[in-house]
Amino acid sequence: MATNFLVHEKIWFDKFKYDDAERKFYEQMNGPVARTSCQSSGPGASSGPGGDHSELLVRIASLEVENQSLKGVVRDLQQAISKLEARLNMLEKNAPAYRATAPQTQHVSPMRQVEPPSKKAAPAAEDEEDDDIDLFGSDEEEDKEAIRLREERLRQYAEKKAKKPALVAKSSILLDVKPWDDETDMAQLEASVRSIQLDGLTWGGSKLVPVGYGIHKLQIQCVVEDDKVGTDLLEEEITKFEEHVQSVDIAAFNKI
C-alpha cells in the first residue's frame, strides 16, 4: 500500500520544476549574477545566493572607494607635472645660451594629448623677440650692483683701518757704557749719555757695575721705536763723548 502511494506521488519527479521556479525567483531579486552564483553552488553548499550577493556588493563598494582614491592620486600627479612643465618653460626662456646649444625636447604630460608639431612651430622672428625679453632683470645690472657693494665695503674697511692706531714696534735695550779709567767722572758720563734726545728714544734706569781695578761701567736702560732709532745710531751718538766714553756694548736686546 505504501508502495502504491509513492507510485502515484509526483512531487519527486517534478523536482526540476521547483528548481526552475526557485531560480527565476532569485533572478528577479538579484539579477543575472545571482543566477551564476546559484548555478555554481552545488547541492549541500553552506552559503546561499543571498550570501554570495552580499559579498559581491561589499567587494564592489571597496573597488569603488579604491577607484576614487586612485583618481585623486592621478589628479595630483597631473597638477604637479603641469607646474613642473610651466617652471621648466620659464627657465628655458630665461636661458638663451641653453636654448641655442641644448637639443629641442618636447615635454608631454602623461595624461595630456600631444599637439601636432605644426601648431607648436613658431617663426624665427618670434624666437628672437622672446630672447630680447628679460623677465627677471639683466645680468649687467646685477654685476653693477655687486661692484658697487664691493667698493662700498672696501671703502668702509679702509676708513675703519685708518682710524685704528697703527701698532708701533718698540725694543728694550740695555747698554754697557765703559769709561777710559778709574778717574773718569761717571756722573758726568751718565749726564752726557742722558743728554742725547732723539725722536722715539726714552731713557730708563741705570746703575754702575764694577769691572775691575776700581773701574766701573755705566749700565743704562732705554726704549726705542724700531722705525726711528737703531742700535748703530745710539752707539754713534754716545761715542761722540770721547773724553768720557771708551766704548759702548749692547748687553741685552728685547722686542716689546
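Trainee: How many aromatic pairs does a search of the whole structure find?
Mentor: One aromatic pair turns up in the search of the whole structure. Keep in mind that this is a predicted model.

Trainee: Which rings are in the pair, and what is the geometry?
Mentor: The pair consists of Phe25 and Tyr26, with ring centres 5.5 Å apart. Their planes stand at 65°, so the pair is edge-to-face.

Trainee: What is the relative accessibility of Phe25?
Mentor: Phe25 has 45% relative accessibility, which makes it partly exposed. Tyr26 is also partly exposed, with a relative accessible area of 23%. Buried would need a value under 20%.

Trainee: Switching to the sheet. What is the strand order?
Mentor: The order is E2-E3-E1-E4, in an open sheet of four strands with antiparallel pairing. E2 (201-212) and E4 (247-255) are the edge strands; each has a single partner strand, so one side of each lacks a neighbour in the sheet. From one strand to the next, the twist averages 20°.

Trainee: How many bridges are there between E2 and E3?
Mentor: Nine bridges, in the antiparallel sense, pair E2 with E3, which covers residues 215-225. Within E3, Ile215 is the bridge partner of Gly212.

Trainee: Which helix packs on the sheet?
Mentor: Helix H9, residues 186-194, packs on the sheet and touches E1 (170-178), E2 and E3. The direction of H9 makes about 15° with that of E3.

Trainee: Which residues of H9 are buried?
Mentor: Met186, Leu189, Ser192 and Val193 are the buried residues of H9. Looking down the helix axis, these buried residues fall within an arc of 120°, so they line one face of H9.

Trainee: Why would residues three or four places apart point the same way?
Mentor: An α-helix has 3.6 residues a turn, so residues at that spacing point the same way.

Trainee: And what covers the buried residues of H9?
Mentor: The cover includes strands E1, E2 and E3, along with helix H10 (231-238).

Trainee: What about the start of H9, which side chain reaches a backbone nitrogen there?
Mentor: That is Asp185: one of its side-chain oxygens comes to within 3.2 Å of the backbone nitrogen of Ala187.

Trainee: Last topic, Glu236. Where does Glu236 lie?
Mentor: Glu236 lies in helix H10. The relative accessible area of Glu236 is 48%, so this residue counts as partly exposed.

Trainee: What separates the C-alpha atoms of Glu236 and Val248?
Mentor: The separation between those C-alpha atoms is 9.1 Å, and Glu236 and Val248 are twelve residues apart along the chain.

How values were computed:
Residues numbered from 1 in each chain as written. Predicted model: local features only at pLDDT ≥ 70, side-chain atom pairs only at ≥ 80, totals over all residues. Heavy atoms only, no water. Pairing = 2+ DSSP bridges. Helix = DSSP H or I, 4+ residues; strand = E, 2+ residues; numbered from the N terminus. Axes fitted to C-alpha atoms, helices over the stretch in contact; angles between N-to-C directions. Contact = heavy atoms within 4.5 Å. Phe/Tyr/Trp six-rings, centres within 6.5 Å; stacked < 30°, edge-to-face > 60°. Buried < 20%, exposed > 50% of the residue type's maximum accessible area, 1.4 Å probe, protein only. Arc of directions from axis to C-beta. Polar contact = N/O pair within 3.5 Å; in protein donor to acceptor, adjacent residues only side chain to side chain.
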